[in-house]
Amino acid sequence: MGGMSAALPPLEEMIRRLVATPSVSSLQASLDQGNGPVCELLADWLEPLGFQVSLREVPGMPGKKNLVARAGEGADGLVLAGHTDTVPYDADSWRCDPFGGEVRDGRLYGLGSADMKSFLAVAAHAAARVDLARLARPLLIVGTADEESGMGGARALVKDAESLGARALVGEPTGLQPVDRHKGIFMERIRVLGRSGHGSDPAAGLNAIDGMMAALEALHAFLAGLAEESGEHGFPVPGPTLNPGAIRGGDNPNRICESCELDIDMRLLPGMTTRSAREKLHAAVRDALRGSGFRVEFVPLFEGVNPLAPGARRELAEACEHASGHRCGAVNFATEGPLYQQLGMEVVVCGPGEIAVAHQPDESVELAEAARAVDMVEGLVQRFCGKAR
Ligand SMILES: [Zn+2]
C-alpha cells in the first residue's frame, strides 16, 4: 500500500512546489494571474498515478483553467475539491518569502499554504495510497480557477452540468473539522441618481444624498424583516447581515449632489438564495424612492454564492464526523460547496490549516496536520470508492 506513493514527491515538497508556483486571482487586472502552471504541476503528479486528467479553459477567462482528474467511470464517486488560486499578497508585510515555502517549527510558510494548496497535495497523496485501477466507484480530484475572485471556475463546472460524483469533500482550511453550513454572500453597488443644481437653492435640483438616505433606511428595514423570518443555524453571527461598506457622492458643498453610490456586502442564512435576496433588496430600494424623481441603478460587485446547508444525504458528513471526532459545524466564510451541491453532490467542507491565517501575511500550514489529513482522506477514499462491502 504505502509503497505506491513512491511515485509522488514527499508531501512537504509538493506543498512547497505548489506554493512556489504563483496563481494569484484578483478582480484587479494588474494583480490577476493565470493558474495554468499550478494545474500543469498537478497534472504531472496525478497522471502517473493513473488519473485521466483534463485541463479545461474557463470560457471567457483567458489563462484560467479547471483541472478534472478522474479515476474510474460513473457518477457515484467521491470528489476531492480545491481551488488552485490564491488571494493577492502584500510583499512588504511578509516576514518570509510568500513563494518560498520556508519551514519553521513544523509549519510551512507561503501564500496559499493553508488556503488551500496543501489540500491539493494531500488529495494526491491520499490517492497514491490506493490502487486506482481497482476502485469500486470513481475518485476525482478537481482543482478550480478563480475561487478567490468570483468563483468563475466552479461556475463553469456548474454550467457544464457534468455529473462529477455523488459526494464532494471541499478541502478549505477548517483545522480538519467537518463543516456542513456557511452563510451565502453577495456584494452590490446601489446608485441613486438625482439632478444637480446650485447649492443656494436646494429645491432647484434633486439631491442624491437625500435619496440615498431614504434608500439606507429601506435597507435597514429590509434586513430587519429578513432577520425576523430566519431561524437559528448555529452561526457565531446568528442573523443575516448587511454592511454598507463604502459610500461616494457629490463633489462640492455648493452643488446639489447628482449621484450617490453605496457598496454593500450582504450575508445570507441557509434557506435564502442570493437571487431572491437581491430581488427583494432591489424592490425595497425602488419602493422607497418611488414617485420621488430619483432613478436607481444596481451593479453586482460580486455575483455571490448561496448559503451552504446540509442536504438530505449525510454519509460523507457522518464519515467525516467519525474520522475527525467532531460534529459538523458552521463557518463564517463562503466556499464553492453550494456550487457542487448544484451538481447534485453531498458536500462537506473539511481540510488542513486554519482560516485565521489565510488571506494574511505569513500564512502557514502545520505539516503534521497536513499528514493527518492524508490519513483522513485516504480513509474516505477507502470508504466511498473502495471495494463493495
Ligand atoms: Zn480558499
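Student: Over how many bridges do strand 5 and strand 15 pair, and in which sense?

Tutor: In general, strands of a sheet pair through backbone hydrogen bonds, either parallel or antiparallel. In this predicted model, strand 5 (residues 107–109) and strand 15 pair in the antiparallel sense, over 3 bridges. Within that pairing, L108 has V365 of strand 15 as its bridge partner.

Student: What is the order of the strands in the open sheet of 3 strands, and which strands stand at the edges?

Tutor: The order is 4-5-15, and the pairing is antiparallel. Strand 4 (103–104) and strand 15 (364–366) are the edge strands; each has a single partner strand, so one side of each is left without a neighbour in the sheet.

Student: Which helix packs on this sheet by touching strand 4 and strand 5, and which helix lies across strand 4, strand 5 and strand 15?

Tutor: Helix 1 packs on the sheet through strand 4 and strand 5, and its direction makes about 20 degrees with that of strand 5. Helix 9 (residues 367–385) lies across strand 4, strand 5 and strand 15, and runs at about 60 degrees to strand 15.

Student: At what angle do helix 1 and helix 2 pack, and which residues make the contact?

Tutor: Helix 1 (residues 11–19) packs with helix 2 (residues 36–49) at an angle of about 155 degrees, and their axes are 10 Å apart. Angles over 145 degrees count as roughly antiparallel, which means that helix 1 is roughly antiparallel to helix 2. Helix 1 contributes M14, R17 and L18 to the contact, while helix 2 contributes V38, L41, L42 and W45. By type, these contact residues divide into 6 nonpolar, no polar and 1 charged.

Student: How should I read the sheet of 4 strands, and what is its order?

Tutor: This is again an open sheet with antiparallel pairing, and the order of its strands is 10-11-9-12. Strand 10 (241–249) and strand 12 (295–305) stand at the edges with a single partner strand each, so one side of each has no neighbour in the sheet. On average, and with direction ignored, neighbouring strands of this sheet are turned by 15 degrees against each other. Inside the sheet, strand 9 (residues 184–193) and strand 11 (residues 259–268) pair in the antiparallel sense over 10 bridges, and R189 stands opposite D263 in strand 11. Helix 5 (residues 208–229) packs on the sheet, where it touches strand 9, strand 10 and strand 11, with a direction about 10 degrees from that of strand 11. Helix 6 (residues 274–289) lies across strand 9, strand 10, strand 11 and strand 12, and runs at about 165 degrees to strand 12.

Student: Where is Q342 placed, and which residues does Q342 touch?

Tutor: Q342 belongs to helix 8 (residues 337–342). Leaving aside residues up to four places away in sequence, Q342 touches V158 and N306. Q342 and K159 are 183 residues apart in sequence, while their C-alpha to C-alpha distance in space is 9.9 Å.

How values were computed:
Residues are numbered from 1 along each chain as its sequence is written. This is a predicted model: local features need pLDDT of at least 70, side-chain atom pairs count only at pLDDT 80 or more; totals for chains, interfaces and linings use all residues. Side-chain values use heavy atoms; hydrogens and water are left out. Axes are lines fitted to C-alpha atoms, for helices over the stretch in contact, and angles run from 0 to 180 degrees between N-to-C directions. Helices (H or I, at least four residues) and strands (E, at least two) are DSSP runs, numbered from the N terminus. Angles under 35 degrees count as roughly parallel, over 145 as roughly antiparallel, 65 to 115 as roughly perpendicular and the rest as oblique. Contact means heavy atoms within 4.5 Å. Ala, Val, Leu, Ile, Met, Phe, Trp, Tyr, Cys and Pro count as nonpolar, Asp, Glu, Lys and Arg as charged, and the others, Gly among them, as polar. Two strands pair if DSSP finds at least two bridges between them.
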